[in-house]
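Me: I would like to know on what grounds the labels given to this model rest. Please set each value against its definition.

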Amino acid sequence: MNPSAVRHERGKAVFQQVFGREPRPGSYPDFLEITVDHLFGEIWTRPHLSVEERELVALTAVTLARTDWELRGHIGAALHLGMSREKIVEIIIQLAYYGGWPVANNGLRVAQEVFAELDAATGEETDSDR
């Protein structure tokens with residue numbers, strides 16, 4: 001197998017590990033291929049940080065950037081990798097000091113939405129339902 005194919009397969013495997021699903025081509029399949037090959041096949045597989053630590057970095061970055069779509073995905077990935085809801089909330093609260101209160105408020109709103117959607121999908125009762 002050539003090096004590009006190896007990198008792509010390695011990237012797909014890491015993507016699957018992080019998000020719990022195969023990469024799905026959207027409107028821009030070339031961008032997805034670049035993401036899988038380079039971001040997940042090269043960057044996420046570098047030594048010295050675990051996948052969980054890299055997810056913590058990604059979650060922090062997308063929260064600070066206020067990219068709600070990506071934040072939703074990385075909250076789901078963090079949960080998939082075993083991070084608790086409480087830990088995700090605590091990370092976002094701490095970011096208020098580094099990115100500002102509006103950043104944390106937005107992140108907490110997105111987290112609450114993701115948690116509620118997951119609870120609705122699994123039939124669990126949330127604190128706000130009580």
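This is a predicted model: local features need pLDDT of at least 70, side-chain atom pairs count only at pLDDT 80 or more; totals for chains, interfaces and linings use all residues.

Me: What makes up the secondary structure of the protein?

Reply: There are six helices and zero strands, in the order α-α-α-α-α-α along the sequence. Helices (H or I, at least four residues) and strands (E, at least two) are DSSP runs, numbered from the N terminus. The C-alpha trace spans about 55 × 35 × 30 Å along its principal axes.

Me: Why is the contact of Glu-9 with Lys-12 called a salt bridge?

Reply: The term asks for a side-chain nitrogen of Lys or Arg within 4 Å of a carboxyl oxygen of Asp or Glu. The closest N and O atoms of Glu-9 and Lys-12 are 4.0 Å apart, so the pair is counted under that definition. The two residues are three apart in helix α1 (residues 3-19), and therefore separated by about one helical turn.

Me: Why are Glu-9 and Lys-12 called partly exposed?

Reply: Buried means under 20% relative accessible area, exposed over 50%, and partly exposed in between (1.4 Å probe, protein chains only). Glu-9 has 39% and Lys-12 has 27%, so both fall in the middle class. Of the 130 residues of the protein, 33% count as buried.

Me: What distance is found between Arg-72 and Glu-117, and which parts of the chain does the pair link?

Reply: The closest N and O atoms of Arg-72 and Glu-117 are 2.4 Å apart, which makes a salt bridge. Arg-72 has a relative accessible area of 24% and Glu-117 one of 45%, so each is partly exposed.

Me: Which residues belong to one network of salt bridges?

Reply: Arg-109 and Glu-113 meet in a salt bridge at 3.0 Å, N to O. They are four residues apart in helix α6, and so about one helical turn from each other. Salt bridges that share partners join Asp-68, Arg-72, Arg-109, Glu-113 and Glu-117 into one network. The structure holds seven salt bridges.

Me: How do you know that the length of α2 fits a helix?

Reply: The expected span is 1.5 Å times one less than the number of residues. The 15 residues of α2 should therefore span 21 Å, and the end C-alpha atoms are 20 Å apart, which agrees.

Me: Where is α2 kinked, and what is the angle?

Reply: The kink is centred on Thr-35 and comes to about 25 degrees. The bend at a residue is the angle between axes fitted to the seven residues ending there and the seven starting there. Thr-35 is also among the buried residues of α2, which include Leu-32 and Phe-40.

Me: What makes the phi of His-48 worth a remark?

Reply: Most residues other than glycine have a negative phi. His-48 has a positive phi of about 85 degrees although it is not a glycine. His-48 lies in the loop between α2 and α3 and, at 77% relative accessibility, counts as exposed. Arg-66, also not a glycine, has a positive phi of about 55 degrees; its place is the loop between α3 and α4.

Me: Which residues lie nearest the centre of the largest pocket, and what is its lining made of?

Reply: Phe-15, Phe-19, Arg-21, Trp-69 and Gly-73 lie nearest the centre, out of 29 lining residues. By class, the lining has 16 nonpolar, seven polar and six charged residues. Ala, Val, Leu, Ile, Met, Phe, Trp, Tyr, Cys and Pro count as nonpolar, Asp, Glu, Lys and Arg as charged, and the others, Gly among them, as polar. The largest share, eight residues, comes from α4.

Me: Why is this space called a pocket?

Reply: On a 1 Å grid over the protein atoms alone, a pocket is an open set of points where a 1.4 Å probe fits, with protein on both sides within 12 Å along at least five of seven lines; lining residues have an atom within 4 Å of a point.

Definitions and conventions. Residues are numbered from 1 along each chain as its sequence is written. Side-chain values use heavy atoms; hydrogens and water are left out.
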